[in-house]
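The structure goes here for reference.

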Amino acid sequence: MTETYDVVIAGAGPAGGQAARDLASRGYDVVVLETEAEDEFPSRSNKSTAGTFPSTMAAFGIPDEVVMNFTDDVVLESPNHHYRRHQPGAVLEFADFKNWLVDEAVADGAEYWFDARVSRPITEGGDIVGVQYNGDEEVYADIVIDATGPAAPLAKKLDVCNLKREKQAIGIEFEYEGIDVDAEGYADLTDAMMLRLDHDIAPGGYSWIFHTGEDTAKVGVCYLQNESHRQNSKSGYTIDDYLQYWVDTDPRFDDAIRKEGIQHRGSAHIQLPDRMSTDNFMAIGDTVPTVDPLWGEGIDKCMRSGRVAAATADRVLTHSERDTSASELAIYDQLWHERVAPKVKTRLFMTEMLYRVSNERYDELMRDLHSMPADKLESANKGDLLGMLRMMKLEDLTTLARTAKDWYRN
């Protein structure tokens with residue numbers, strides 16, 4: 001017997017989990033297909049630094065029970081300087097957080113099928129009507145949602161989002177104990193989330209230390225596949241090598257011991273999306289490129305995209321004729337640009353510029369931030385063009401021109 005649902009969601013990450021949670025609470029028949037087996041979920045998919053802020057905690061009702069440590073500050077580091085900003089946040093235990101999303105949705109009636117690897121869309125007359133998983137198993141739905149992240153087997157086969165592998169961010173993170181979070185000559189990272197801009201450690205990207213209590217922290221490196229990475233990379237180095245190089249050379253890690261069996265690996269698309277929906281289909285979360293030049297906030301963006309996808313599905317499924325055509329689901333694209341990633345073009349351009357400049361410019365930026373009003377930095381991070389221009393200097397014109405040239409060419 002063929003099983004049919006209102007909505008099928010591929011992927012049980014923050015975006016898929018939030019979409020399932022919202023739709024199930026509205027009484028829809030929802031099933032989530034997750035690649036991992038239930039008894040190991042989430043292990044291979046446990047790939048987030050899991051730093052977030054009070055606005056996200058409140059907006060989605062995230063409980064304190066999934067928080068590893070509440071933080072007081074965000075710290076930005078360059079090779080020789082740092083800048084501290086008071087900004088309360090929370091470092092989540094990502095596995096507990098994802099399991100909480102599962103429990104919430106299941107309590108409202110959603111189904112989760114674990115050990116179910118989605119392989120391709122099922123189409124009729126050119127429109128997606130379901131998905132194939134685990135070889136030749138099939139499930140059908142009025143709406144299919146791809147929340148599988150960069151793998152995106154459904155979005156790619158449907159040619160949605162214009163995904164390209166060469167435009168990706170690649171990251172790795174381990175958890176350590178024995179870290180000196182208040183080392184001499186460095187910023188005090190007690191109850192702080194720190195991002196470091198330093199091409200020696202993360203060419204074309206950034207590294208981080210998120211304090212998780214006492215002498216423990218999440219430590220990671222991420223770089224973008226960009227011009228800056230190609231120019232500054234060390235020959236033969238993998239992402240693992242860069243993280244190990246940082247641990248070997250930074251005195252804060254002199255007595256650090258890596259926690260066995262705890263690692264987070266992942267990637268994300270860093271590019272302008274075109275459309276994110278088509279007939280009977282939406283792509284959400286890390287399947288869709290999202291950007292935030294300084295603070296990241298990936299969990300927030302994933303969950304917001306899940307929420308606006310659920311709102312869109314609710315809108316079209318409530319109608320007596322259940323019109324799930326591309327023209328009706330296009331409301332998701334509109335909401336994504338308004339509520340998930342506003343001013344996405346400017347923010348992506350800023351991100352590319354930020355990771356192209358030199359280490360010397362990073363040092364200068366940290367010095368400038370001390371005399372810069374906090375609202376100016378915030379407006380630039382939110383994609384305000386004038387805010388971005390106010391932060392630039394004459395020496396940045398070359399980087400601006402080079403970035404603009406690449407944008408025009410691509």
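I looked up the sulfur of Cys222 and found the closest cysteine sulfur 14 Å away, in Cys302, which is too far for a bond. I took a disulfide to be a pair of cysteine sulfur atoms within 2.5 Å. For Cys302 the closest cysteine sulfur is in Cys161, at 13 Å, again too far for a bond. By this rule I count zero disulfides.

The model is predicted, so I note that local features need pLDDT of at least 70 and side-chain atom pairs pLDDT 80 or more, while totals for chains, interfaces and linings use all residues. Residues are numbered from 1 along each chain as its sequence is written, and side-chain values use heavy atoms, leaving out hydrogens and water.

I checked burial next (buried: under 20% relative accessible area; exposed: over 50%; partly exposed in between; 1.4 Å probe, protein chains only). Cys222 is buried at 7%, and Cys302 is buried at 8%.

Then I turned to helices, which are DSSP runs of H or I with at least four residues, numbered from the N terminus. H9 (residues 344-354) packs against H13 (residues 397-409) at about 125 degrees, with the axes 10 Å apart. Axes are lines fitted to C-alpha atoms over the stretch in contact, and angles run from 0 to 180 degrees between N-to-C directions.

For contacts (heavy atoms within 4.5 Å), I list Lys345, Leu348, Phe349, Glu352 and Met353 in H9 against Thr399, Leu400, Thr403, Ala404 and Trp407 in H13.

Key. Helices (H or I, at least four residues) and strands (E, at least two) are DSSP runs, numbered from the N terminus.
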